Amino acid sequence: MASVKQDQASEMSSFEVRSSDRDHPGLAIAVLVDYDGTIATNDVTDDLVRAASSETEWLDLELAYRSGAVGSRALLEAETRLLPPERADLPDLLRHQPHDPAFVPFIEFARRHGIAVEIVSDGLGFFVGPAIAALGVGDIPIYSAELRFEPDGPRISFPNGNPDCAICGTCKRSRVLAHQAAGRHVVYVGDGYSDQYAVSYADTVFAKGDLVDICRDRGVAHRGWSTFADVEEWLRRNLVDGLPAPTAHRFVCGPEADSAGAPGRQPAPG
Ligand SMILES: [Mg+2]
């Protein structure tokens, strides 16, 4: 079973150390979770931009992103320019946004077992915090872009981007590596292109939607899932025997991949 060293416990500043950790001193698992299409049952970022723009505008951007012609940072900057100038003019999609009904029970399970959970979102991001709070689990750490509606219109920034790589808006890989450096087995749960790099680093991958084909094409081992009950069940079974410690991996994105000439690297946005 993976172990948390005493001196590593102090590094757990990025998420709350639950009281139940004391009951599972050898447990060292972090679950990183995408939001759009994963916790939310549809892609909220895509739906907002599609509703605020013409279908052609959205589709051209999406195809450029999926082909690797632009990264998510350039995509999100372009999509932000398609949004209305004031938040009040956004399409009214957020109030009734559906979420996986198994997500909150999964969070309760994780808390009982001292498993860290983080949300890593490479979408527009601004709606994630309010949505999670409305579900009653608003204290889950969120790593995403920051979008603000300012007097001259919406502005997006990327406080969780990789300062040495301009491809993604939010660097999910950085969160995977941070938890692994602290000795945790990283379980990753996602559904699409925004997860395409993180899955190459995570120790266990749950994939659905487009992420299944991405994993297959890139030779990434993965498990299918449809709701968080599947992830919970898998964790419940594997907690008995424990999960293997993180292993070294080959870099497929980021500045390390540039120097290694890794295949599958997206070009920098033009
Ligand atoms: Mg997604």
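These are my notebook entries on a predicted model of one chain.

**Entry 1: confidence**

I looked up the confidence before anything else. The chain averages a pLDDT of 85, and 83% of the residues score at least 70. I then went through the elements. Helix α1 (residues 6-9) has the lowest mean pLDDT among them, 32. Strand β3 has the highest, 98. Over residues 1-26 the pLDDT is below 50. That stretch still has 39 contacts in the model beyond near neighbours in sequence. Residues 261-270 also have a pLDDT below 50. I found 19 contacts there, again beyond near neighbours in sequence. Where pLDDT is low, the predicted coordinates should not be read in detail. I left both stretches alone after that.

**Entry 2: overall content**

I listed the secondary structure next. The chain has ten helices and eight strands. I checked burial over its 270 residues, and 41% count as buried. For contacts, I took pairs at least 6 apart in sequence. Of these, 63% join residues at least 24 apart.

**Entry 3: the sheet**

What is the strand order of the open sheet? I read it as β3-β2-β1-β6-β7-β8, six strands with parallel pairing. The edge strands are β3 (142-143) and β8 (223-224), and each pairs on one side only. Strands of a sheet pair through backbone hydrogen bonds, either parallel or antiparallel.

β1 (residues 29-33) pairs with β2 (residues 116-120) in the parallel sense over four bridges. L32 stands opposite E118 in β2. On to β6: five bridges join β1 to this parallel strand. Here V31 stands opposite V187. β6 and β7 (residues 204-207) also run parallel, joined by four bridges. Y188 has V205 in β7 as its bridge partner.

**Entry 4: strand β6**

I went back to β6, residues 185-190, to check its burial. Six of its six residues are buried. Which residues lie on each face of β6? I found H185, V187 and V189 on one side, and V186, Y188 and G190 on the other. Both faces are covered. In a regular strand the side chains alternate between the two faces of the sheet.

**Entry 5: helix α8**

Next I took helix α8, residues 210-218. Its buried residues are L211, I214 and C215. Why do I say they line one face? Seen down the axis of α8, the buried residues fall within an arc of 95°, so they line one face of the helix. An α-helix has 3.6 residues a turn, so residues three or four places apart point the same way. I then looked at the face turned away from the buried side. It carries the exposed residues D213, R216 and D217. What covers the buried residues of α8? The cover includes β6 and β7. Just after the helix, G219 takes a positive phi of about 70°.

**Entry 6: the nonpolar core**

Last, I looked up the largest nonpolar core, which has 64 residues. V31, L32, I119, Y188 and A202 touch the most other members. The largest share of this core, five residues, comes from β1.

Terms used:
Residues numbered from 1 in each chain as written. Predicted model: local features only at pLDDT ≥ 70, side-chain atom pairs only at ≥ 80, totals over all residues. Pairing = 2+ DSSP bridges. Helix = DSSP H or I, 4+ residues; strand = E, 2+ residues; numbered from the N terminus. Buried ≥ 20, exposed ≤ 12 C-beta atoms within 10 Å, placed from the backbone. Contact = placed C-beta atoms within 7 Å. Arc of directions from axis to C-beta. Core = buried A, V, L, I, M, F, W, Y, C linked by C-beta atoms within 7 Å. pLDDT = per-residue confidence, 0-100.
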